[in-house]
Amino acid sequence: MGQRIARARRRKGWDQEAFADAIGRSTSWVSKVENGRLPLDRASVVARVAEALGVEVGELTGQPYRHEKAELDSGHSSIPNLRLALQQATMPGGAALLSNHEPSSLDELASQLKLAESLRQDARFTALGEVLPRIITDLVIHTGDTTSARRDEAESMMLRACHMARVTSNLLGHHDLGWTAVQRELVSAQHVGSPELIAASAWDLCGVWLHEASLEPAKDVALAALDRIEEHLTTRDPDILALWGALHLRAAVAFSRLWRKEDAEDHLGEAERVARDLPLSGNVFQTQFNIVNTRIHAVEISLELGRPRDVASRAELVAVGDIGSLERQAHYWTCTAAGLAMNRKENAAVEALLKADKIAPQHVRNRPLVRNLVQDLLSSTKHTYAREVHVLADRMALAG
């Protein structure tokens with residue numbers, strides 16, 4: 001990443017001093033980052049750097065990460081079929097192109113969706129890629145049938161399927177495809193018109209913008225969605241309450257990456273208040289909104305705000321084994337690892353990374369900030385896990 005930052009800086013015509021002034025850092029800091037001696041371990045910092053240089057975050061992170069060994073490809077082999085299915089789903093009259101395709105029934109697709117959602121929560125992208133494109137293709141036909149009495153049901157299922165496509169695309173670094181997926185979600189939500197689907201699609205739209213480091217739009221859409229859903233809180237519908245809480249978490253993350261601590265903590269506090277009254281296993285519209293995930297977000301927010309001691313103290317409050325999503329468990333361990341590294345506890349940081357990689361390797365190996373941390377640990381002599389770090393780096397195709 002340091003080399004990519006230096007290249008973008010030179011293209012802009014800046015020396016290191018001018019760049020440092022633009023982002024409020026020292027020339028020494030810029031030099032260390034560009035030379036690879038200082039990892040960029042926070043999405044908020046990467047976003048600030050990209051904004052100053054006038055480039056997309058993907059240009060700096062180098063995503064997507066492909067591997068020369070098929071068994072270590074971390075899910076990217078699923079992308080071509082997923083892209084085709086989403087193109088058909090977003091194309092006007094796309095169902096007409098599939099006239100020779102016999103889809104599964106909606107009842108069959110409901111069962112297939114449950115399986116796919118389990119694979120998505122476990123970040124098993126390769127396995128998900130074997131079933132999700134077919135589900136989306138079948139739903140193109142069902143949603144294209146304007147005479148069907150179950151069209152709203154089909155659109156709701158399409159939203160769920162496209163959510164999985166969006167998450168897969170963003171976590172693997174194919175952000176353009178994430179946009180395609182969320183655009184189809186918005187169409188489904190608009191067609192059905194229920195407050196739950198509208199809130200769920202807005203929650204996912206926030207996710208796309210957060211992955212792209214478009215922080216102001218992410219924050220704005222979260223706040224607008226909260227305004228729209230507030231009138232429905234009086235029903236005390238648990239799905240509405242969960243989406244209310246999940247949108248507050250989106251807003252909290254956006255504010256943390258904008259380095260607005262008070263706003264981030266306010267939204268986090270509201271999310272935790274709501275989560276206390278909802279099921280521990282809550283996963284409305286795949287938001288994994290529950291008290292455990294709320295506290296995982298608290299760890300992430302402290303990391304983004306550059307408060308490593310808070311990362312450590314908040315990490316102790318997370319009963320991570322109580323959340324059913326392996327992706328969320330791995331996310332907790334990677335955020336904790338970054339905080340431990342910032343606290344100069346490198347042995348503990350490596351141990352946390354190894355736990356994350358064991359739980360959900362395809363998630364971990366595609367995270368830019370994890371890759372930066374592993375790269376930094378490769379050259380460090382302050383831990384006793386040299387062999388393990390080299391093995392992990394090899395699996396990520398990082399130079400050692």
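Reply: Start with W259, which sits in the loop between α13 and α14 (261–275); helices here are DSSP runs (H or I, at least four residues), numbered from the N terminus. Bear in mind that this is a predicted model, where local features need pLDDT of at least 70, side-chain atom pairs count only at pLDDT 80 or more, and totals for chains, interfaces and linings use all residues. Residues are numbered from 1 along each chain as its sequence is written, and side-chain values use heavy atoms, with hydrogens and water left out.

Me: Why does W259 count as partly exposed?
Reply: Its relative accessibility is 31%. Buried means under 20% relative accessible area and exposed over 50%, with partly exposed in between (1.4 Å probe, protein chains only), so partly exposed is the label for W259.

Me: And what makes R236 exposed?
Reply: R236 has a relative accessible area of 55%, so it counts as exposed. It lies in the loop between α12 (215–230) and α13 (238–257), and its phi is near 60°, a positive value in a residue other than glycine.

Me: What is the peptide bond from Q63 to P64 called, cis or trans?
Reply: Cis, with omega near 0°.

Me: What makes a set of residues a nonpolar core?
Reply: They are buried Ala, Val, Leu, Ile, Met, Phe, Trp, Tyr and Cys residues joined through side-chain atoms within 4.5 Å. The largest one here has 114 residues, and I136, F289 and V374 touch the most other members. Its largest share, 13 residues, comes from α13. A second, separate core has 21 residues, including F19 and L369.

How values were computed:
Helices (H or I, at least four residues) and strands (E, at least two) are DSSP runs, numbered from the N terminus.
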